[in-house]
Amino acid sequence: MDIPLTTPLLLALLLCSLSFVHGAMDSCYDDDEGVPSRCMPKFENAAFNRTIMASNVCGSPPEDYCMQTSSTRSCHHCSVSAMGLSHNASLLTDFHTDEEPTWWQSQSMFYRVQHPNSVNLTLRLGKAFEITYVRLKFYTSRPESFAIYKRTNQDGPWMPYQYYSASCSKTYGKNAKGYIRPGDDERMALCTDEFSDISPLTGGNVAFSTLEGRPSAYNFDQSAVLQVRMCVRTCVCE
């Protein structure tokens, strides 16, 4: 499965963790009969320890950056060659705790990491999955606008999966209160302004339930449209 994500940034985009919860389809196969079987597959984080490709990362060349947290402003240094000061894409899917967070970080606006330039994060899972939930956690505040895309095969086109923006109509030509009616194309991407507030300044979450708002969600096993397998790519754009 593949998914992209687009965002205007403030100083730099600092993404703390990335999770794709999926049902493992291998558990839905009857080994004794040798045929697929109806089941409720287990859920797991499909992104954990997976390789992510980032089109931009801070620290090359080394740079200073500042973050606004609550009433304080702190400045730090990023360098790809210094342990503890590097924020490469592998830190998106590693094991970490709230007490000892790790994160990926783009270059700052000084390097023109802002609209209309973009930063892409691409996660390839290596096999087909049914993605049911995507969670993004930002080390700093969440971006004003970004989008998630998907594709169904290695060489296929990237298709919009979900839009996020404080200005859905202006940025993506979408109504922030739009919804999918029965009979509409249920693969259509919606836009929401729910996660685009600058608050909180740290640890902002974005949660995307892939079936939410889809009329056939409660009849998923009979919906050929919603059962399309995907590759996953997450892209962050300024």
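## The hairpin of strands 6 and 7

Strand 6 and strand 7 run antiparallel to each other and pair over seven bridges. This is a predicted model, so read what follows as a description of a prediction. The hairpin that these two strands make has two residues between them, and serine 70 takes a positive phi near 55° there. Further along the pairing, glutamate 63 stands opposite cysteine 78, a residue of strand 7.

Cysteine 78 also has a covalent partner. A disulfide joins cysteine 78 to cysteine 58, with the sulfurs 2.0 Å apart. The two ends sit in distant parts of the chain, 20 residues apart: cysteine 58 in the loop between strand 5 (52-54) and strand 6 (63-69), cysteine 78 in strand 7 (residues 72-78). The torsion about the S-S bond is 75°, a right-handed link. Both cysteine 58 and cysteine 78 are buried.

## The other disulfides

How many disulfides does the model have? The count comes to three. Are its two ends buried or exposed? Cysteine 66 has a relative accessible area of 18% and is therefore buried, since the cut-off is under 20%. Cysteine 75, at 47%, is partly exposed.

Then there is the pair of cysteine 168 and cysteine 191, whose sulfur atoms are 2.1 Å apart. Cysteine 168 and cysteine 191 are both buried.

## The chain as a whole

Stepping back, the secondary structure amounts to one helix and 15 strands. The chain has 238 residues, and 43% of them count as buried. It exposes about 12600 Å², with carbon and sulfur atoms supplying 52% of that area.

Nonpolar side chains tend to be buried together in soluble globular proteins. Here the largest nonpolar core has 23 residues, and those with the most contacts inside it are Leu136, Ile148, Tyr164 and Val206. Which strands each supply at least two of its residues? They are strand 9, strand 10 (130-138), strand 11 (145-151), strand 12 (159-165) and strand 14 (204-209). Strand 10 gives the most, with four residues.

Leaving out residues up to four places away in sequence, its contacts include Ile148, Val206, Phe146, Phe195 and Phe208.

Two cis peptide bonds are worth a look. One runs from serine 60 to proline 61, with omega near 5°. Proline 61 lies in the loop between strand 5 and strand 6, and cysteine 58 belongs to that loop too. The other joins serine 199 and proline 200, with omega about 0°. Here the proline is in the loop between strand 13 and strand 14.

Asparagine 49 is not a glycine, yet it has a positive phi of about 60°. You'll find asparagine 49 in the loop between strand 4 (43-45) and strand 5. Its relative accessible area is 55%, so it counts as exposed.

## Serine 106

Last stop: a serine in the loop between strand 8 (104-105) and strand 9 (118-123), namely serine 106. Is serine 106 buried or exposed? Its relative accessibility is 1%, so it counts as buried. The C-alpha atom of serine 106 is 7.7 Å from that of valine 119, a residue 13 positions away along the chain.

Terms used. Residues are numbered from 1 along each chain as its sequence is written. This is a predicted model: local features need pLDDT of at least 70, side-chain atom pairs count only at pLDDT 80 or more; totals for chains, interfaces and linings use all residues. Side-chain values use heavy atoms; hydrogens and water are left out. Buried means under 20% relative accessible area, exposed over 50%, partly exposed in between (1.4 Å probe, protein chains only). A disulfide is a pair of cysteine sulfur atoms within 2.5 Å. Accessible areas come from the Shrake-Rupley method with a 1.4 Å probe; for residues, only the protein chains shown count as cover. A nonpolar core is a set of buried Ala, Val, Leu, Ile, Met, Phe, Trp, Tyr and Cys residues joined through side-chain atoms within 4.5 Å. Contact means heavy atoms within 4.5 Å. Two strands pair if DSSP finds at least two bridges between them.
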